[in-house]
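Subject: Structure for you to look at, with notes

Dear colleague,

I am handing over a structure, shown just below, and after it come my notes on what was found. Please read them with the structure open beside you.

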Amino acid sequence: MEDKVERRGLKEWRLLPDTNGYRLPTEAEWEHACRAGTSTTFPFGDDVTLLDRYAVTATWKTDMGGKRLPNSAGLFDMMGNAIEWCEDWSGPYDDESKLIDPRGIAQGTMRVMRGGTYFDPAEICTSGARNRCGPWGRGYYNGFRVARTVRL
């Protein structure tokens, strides 16, 4: 379950991590899902010429989801088309050499966004590229995918 807090005159959702339910993925969860077990630039390898088979990028409009190939985990549209919100606040990692499922900073002004948009070039639509936006930000190129927490 999530709770609303007021910020800049707008209602904003706050994660309650110990509850069951649907939520935005953390940045680490998003990247894990995108990479699908790979450590390459893209989930399909390092060959940028294959990107248009998997993502809508460097164009002037979005396209219907699911029209490109999925990654090896069966997930569609992890890159390009609409950039996706993550739960984490944007900030530097403490020690990048020791990252295993990191959580973002405790509070901030910008949320992490991942995956790139339909108008972004290939270098913005990689498995590891990070972006950010204030939680009040709205745009026709912003999207999200849900994660689910299940406590047994």
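Phe42 is buried, with a relative accessible area of 3%, where buried means under 20% relative accessible area, exposed over 50% and partly exposed in between, computed with a 1.4 Å probe on protein chains only. This is a predicted model, in which local features need pLDDT of at least 70 and side-chain atom pairs count only at pLDDT 80 or more, while totals for chains, interfaces and linings use all residues. Residues are numbered from 1 along each chain as its sequence is written, and side-chain values use heavy atoms, with hydrogens and water left out.

First, the overall layout. The chain has two helices and eight strands, which are DSSP runs numbered from the N terminus, with helices taken as H or I of at least four residues and strands as E of at least two. Along the sequence these elements follow the pattern β-β-β-α-α-β-β-β-β-β. Of the 152 residues in the chain, 39% are buried. Among contacts (heavy atoms within 4.5 Å) with a separation of 6 or more, 63% are between residues 24 or more positions apart.

Next, the sheet. Four strands form an open sheet in the order E6-E5-E4-E7, with mixed pairing, and two strands are said to pair if DSSP finds at least two bridges between them. The edge strands are E6 and E7 (142-143), each of which pairs on one side only. E5 and E6 pair in the antiparallel sense over four bridges, and in this part of the sheet Arg114 stands opposite Arg130 in E6. E4 and E5 are also paired in the antiparallel sense, over three bridges, with Arg111 in E5 as the bridge partner of Trp89. E4 and E7, by contrast, pair in the parallel sense over two bridges, and here Ile83 stands opposite Asn142 in E7. Seven of the seven residues of E4 are buried, so this strand is largely enclosed by the rest of the structure.

The loop between E4 and E5 holds Ser90, which counts as buried at 18% relative accessibility. Not counting residues up to four places away in sequence, Ser90 touches Ile105, Met110, Arg111, Val112 and Arg132.

For Trp30, leaving aside its neighbours within four places in sequence, the contacts are Pro25, Met78, Glu84, Cys86, Arg114, Gly115, Ser127 and Arg145. H1 is followed by Ala36, whose phi is positive, near 50°.

What, then, of the nonpolar core? A nonpolar core is a set of buried Ala, Val, Leu, Ile, Met, Phe, Trp, Tyr and Cys residues joined through side-chain atoms within 4.5 Å. The largest one has 13 residues, and those with the most contacts inside it are Trp30, Cys34, Phe42, Phe44, Leu51 and Met79. H1 and helix H2 (51-54) each supply at least two residues of this core.

Finally, the aromatic residues. Rings of Phe, Tyr and Trp (its six-membered ring) pair if their centres lie within 6.5 Å, and planes under 30 degrees apart count as stacked, over 60 as edge-to-face and the rest as tilted. By this rule the count comes to six aromatic pairs. The rings of Phe42 and Phe44 have their centres 5.1 Å apart and their planes at 0°, so this pair is stacked. Tyr118 is buried, with a relative accessible area of 6%, whereas Tyr140 is exposed, with a relative accessible area of 65%. Tyr118, Phe119, Tyr140 and Tyr141 form one aromatic cluster.

With best wishes
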